[in-house]
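Please look through the sequence and the model shown below before reading on. The paragraphs after it are meant to be read with both in view.

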Amino acid sequence: MECGRNRKEKRPLTMPHQGLLLFRMAPLCMLLGMLMVSCFNFCLCHKNSEFALTNPEKREKSSTKETERKETIAEEELEPKILEVFHPTHEWQALHPGQAVAAESHVRLNLQTGAREVKLQDEDKFQTNLKGLKKGKRLDINTNTYTSQDLKNALAKFKEGAEMENSKEDQERQAKVKRLFRPIEELKKDFEELNVVIETDMQIMVRLINKFNSSSSSLEEKIAALFDLEYYVHQMDNAQDLLSFGGLQVVINGLNSTEPLVKEYAAFVLGAAFSSNPKVQVEAIEGGALQKLLVILATEQPLTTKKKALFALCSLLRHFPYAQQQFLKLGGLQVLRSLVQEKGMEVLAVRVVTLLYDLVTEKMFAEEDAELTRDMSPEKLQQYRQVRLLPSLQEQGWCEITAHLLALPEHDAREKVLQTLGALLATCRDRFHQDTQLRGTLGTLQAEYQALAALELQEGEDEGYFRELLDSINSLLTELR
């Protein structure tokens, strides 16, 4: 109100005076506004406490307090918490939350219970190294300390230790064996007291050969000696031992005996000794065994004697190309042909056909393997190439002889004949084409085995025995069309 009265009492300003006053105050107001805006912006950009309108002394005191408060918090964070110390043993124990363990302890997580378990380490050296690592120490490992010789010595000692352990086990096992069994020396002494003599295989074979070769031995004793000898010479080492002391030649000479039984059992022993034994085969060829066996097969002898002689001949010829060459030179194919055509020798005919099949396929596979693998010695390969078996079979009529053997009634005999015909097909194709009897026989057998194969199929056998025979017949008929 007072202001109002003063206005009323004063003389009102005129319009020109009011405009002049406003004109003079405008720049001052603008300058003041700009100053205030600049100060405000500066404070917002820096946000520094030094620009706050406070007392410097108070500001310094508050800053000191803030620093002390931060240091106190940091010290509290670095100070470890006081935990309960758990003392582990050598057994696994559960570790509960809030418990501390020594650095050398072994801690694991039990996957079944989900709890942590702890125990002491078993190795003292590992504990020492672990302490050093926990303290930040570096292990002193110097690779130049050990030389290669040191490492070899250490490895040798390690092996010696393993051998000592094995030797202990061996000693325990030997002690157990000694408790269960008696030494051979003690047994020999006991047997000597009982008039029983323990002999090695070598001693037994020497005794048997002496018994067989003795002029005072009876025929029964000689046959018994050969029968027992055949059991031992099945083993390769024993057969070579028989060769070492001259027993093989004694048995070979037995093929010249006038007694058919002696010839039979001598051939039986030789067949067992020749089988897959090259060293004995070579000595037999040099000792004249091949000629003597062919003589037995070519002359009139009992069936059993010829059967054993043929067995010995097969064992001598298989996998021995030099013997096969000598067999062809001595007319072995003619001897076998006469044997097959002889009446009452049908059983031997099947064995002869089987032998020819084995010899043909053996030569063929040997030459193929030599070209593919080159493992065979050049000398043996050359020997196989010198065996003219297929041309000799064709020349001496074995194409027709083999084809006519299809008339045998046994299925097993037919199977072997069909196999041989297949092996001879490349050599005897023209002869087979001209043989009308062969085609008729194959047609008859085809119908017979079709019926038998159908019965097998009804019984659930898709690939039965008769089906295989039928396939062989069909294959031959296809080749001969």
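What follows moves from the whole chain to individual residues and pairs.

The model is predicted, so that local features are reported only at pLDDT of at least 70 and side-chain atom pairs only at pLDDT 80 or more, whereas totals for chains, interfaces and linings use all residues. Residues are numbered from 1 along each chain as its sequence is written, and side-chain values rest on heavy atoms, with hydrogens and water left out.

The protein has 23 helices and five strands, where helices (H or I, at least four residues) and strands (E, at least two) are DSSP runs numbered from the N terminus. Of its 481 residues, 31% count as buried; here buried means under 20% relative accessible area, exposed means over 50%, and partly exposed covers what lies in between, with a 1.4 Å probe and protein chains only. The protein exposes about 33100 Å², of which carbon and sulfur atoms supply 55%, the areas coming from the Shrake-Rupley method with a 1.4 Å probe and, for residues, with only the protein chains shown counting as cover. Among contacts (heavy atoms within 4.5 Å) between residues at least 6 apart in sequence, 63% join residues at least 24 apart.

Charged pairs come next. Side chains of opposite charge can pair when their charged atoms come close. A search of the whole structure finds ten salt bridges, a salt bridge being a side-chain nitrogen of Lys or Arg within 4 Å of a carboxyl oxygen of Asp or Glu. One of them joins Asp 412 and Lys 416, with 2.9 Å from N to O; these two residues stand four residues apart in helix α21 (residues 411–434), and therefore about one helical turn separates them. Asp 412 is partly exposed at a relative accessible area of 41%, and Lys 416 is likewise partly exposed, at 24%. Glu 199 pairs with Arg 207 in a salt bridge whose closest N and O atoms are 3.2 Å apart; Glu 199 counts as partly exposed at 30% relative accessibility, and Arg 207 counts as partly exposed at 41%.

A further salt bridge, at 3.3 Å from N to O, brings together the side chains of Lys 306 and Glu 342. This pair links distant parts of the chain, 36 residues apart, with Lys 306 in helix α14 (residues 303–317) and Glu 342 in the loop between α16 (332–341) and α17 (346–372). Lys 306 is buried, with a relative accessible area of 2%, whereas Glu 342 is partly exposed at 32%.

Glu 456 belongs to helix α22 (residues 436–458). A polar atom of the Glu 456 side chain lies 3.2 Å from the backbone nitrogen of Tyr 465. Leaving out residues up to four places away in sequence, Glu 456 touches Glu 461, Gly 464, Tyr 465, Phe 466 and Arg 467.

Gln 396 sits in the loop between α19 (389–395) and α20 (398–404), and this residue is buried, with a relative accessible area of 18%. Beyond its neighbours within four places in sequence, Gln 396 is in contact with Leu 333, Gln 334, Arg 337 and Ile 401.

Two loop residues call for a look at backbone geometry. Most residues other than glycine have a negative phi. Ser 276, though not a glycine, has a positive phi of about 55 degrees; Ser 276 lies in the loop between α11 (260–274) and α12 and is exposed at 53%. His 319, in the loop between α14 and α15 (321–329), has a positive phi near 60 degrees and counts as exposed at 53% relative accessibility. Pro 278 is found in helix α12 (residues 278–286) and is exposed at 52%.

Methods. A polar contact is a pair of N or O atoms within 3.5 Å; within protein, one must be able to donate a hydrogen and the other to accept it, and residues adjacent in sequence count only if both atoms are side-chain atoms.
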